[in-house]
Amino acid sequence: LRARFITIKLSAIVIQSHVRSYLVRRDISRATEAAVAVQAHYRGYCVRKSYLKQRNAACLIQEHTRAWIEGGRQLENYQQIRRATILMQACYRGACTRRHLYKQIVLATKIQATWRMYVTRTGYLTQKHAA
């Protein structure tokens with residue numbers, strides 16, 4: 001009876017040892033899985049954060065590039081309008097100058113005609129009185 005009790009007791013100790021080691025392995029396995037899950041979530045967070053930082057940098061570069069291109073377009077448009085304005089001003093000033101010159105020529109012609117008339121008339125009157 002005593003031998004049977006010792007055999008059962010030793011068997012119980014072996015079974016308890018196996019159960020306890022199983023429970024410890026299971027707890028370690030669960031803790032490992034939990035640690036791996038936390039690490040994966042943290043890595044995902046870091047990767048998302050890095051991705052957003054890179055995306056924001058790319059958007060900023062695109063925004064500045066688009067602004068630079070648009071600035072060049074606006075500068076070209078401004079220069080084109082400026083050249084057209086200068087051309088219109090030059091044409092208007094040229095027309096005003098030609099009109100003024102034409103008036104001067106007309107007035108000079110009238111003065112010359114009046115002078116010729118005066119010279120001719122005085123010469124005619126001098127000959128008429130002399131004869």
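Q: Which residues form a nonpolar patch on the surface?
A: Phe5, Ile6, Leu10 and Ile13 form it, with about 380 Å² of accessible area together. For patches, residues need over 30% relative accessible area and no salt bridge; nonpolar side chains (Val, Leu, Ile, Met, Phe, Trp, Tyr) are joined within 5 Å, and like charges within 9 Å. Accessible areas come from the Shrake-Rupley method with a 1.4 Å probe, and for residues only the protein chains shown count as cover.

Q: What should I know about the model and the numbering?
A: This is a predicted model, in which local features need pLDDT of at least 70 and side-chain atom pairs count only at pLDDT 80 or more, while totals for chains, interfaces and linings use all residues. Residues are numbered from 1 along each chain as its sequence is written, and side-chain values use heavy atoms, leaving out hydrogens and water.

Q: Where is Phe5 found?
A: Phe5 belongs to helix α1, which covers residues 2-130.

Q: How many helices and strands are there in the protein?
A: The protein has one helix and zero strands. Both are DSSP runs numbered from the N terminus: helices are H or I with at least four residues, strands E with at least two.

Q: What about the overall dimensions, then?
A: Along the principal axes, the C-alpha atoms fill a box of roughly 190 × 10 × 10 Å. The radius of gyration is 56 Å, whereas a compact globule of 131 residues would have one near 14 Å. That radius is taken over C-alpha atoms, and the globule rule is 2.2 Å times the number of residues to the power 0.38.

Q: How many of the residues count as buried?
A: Of the 131 residues, 1% count as buried, a term for under 20% relative accessible area, with exposed meaning over 50% and partly exposed in between (1.4 Å probe, protein chains only).

Q: Changing topic, how many salt bridges does the structure hold?
A: It holds two, each defined by a side-chain nitrogen of Lys or Arg within 4 Å of a carboxyl oxygen of Asp or Glu. Arg73 pairs with Glu70, with the closest N and O atoms 3.4 Å apart. Arg83 and Glu76 meet in a salt bridge at 3.5 Å, N to O.

Q: How are Arg73 and Glu70 placed in helix α1?
A: Arg73 and Glu70 lie three residues apart, about one turn of the helix.

Q: Why does Arg73 count as exposed?
A: Arg73 counts as exposed because its relative accessibility is 55%. Glu70, at 34%, counts as partly exposed.
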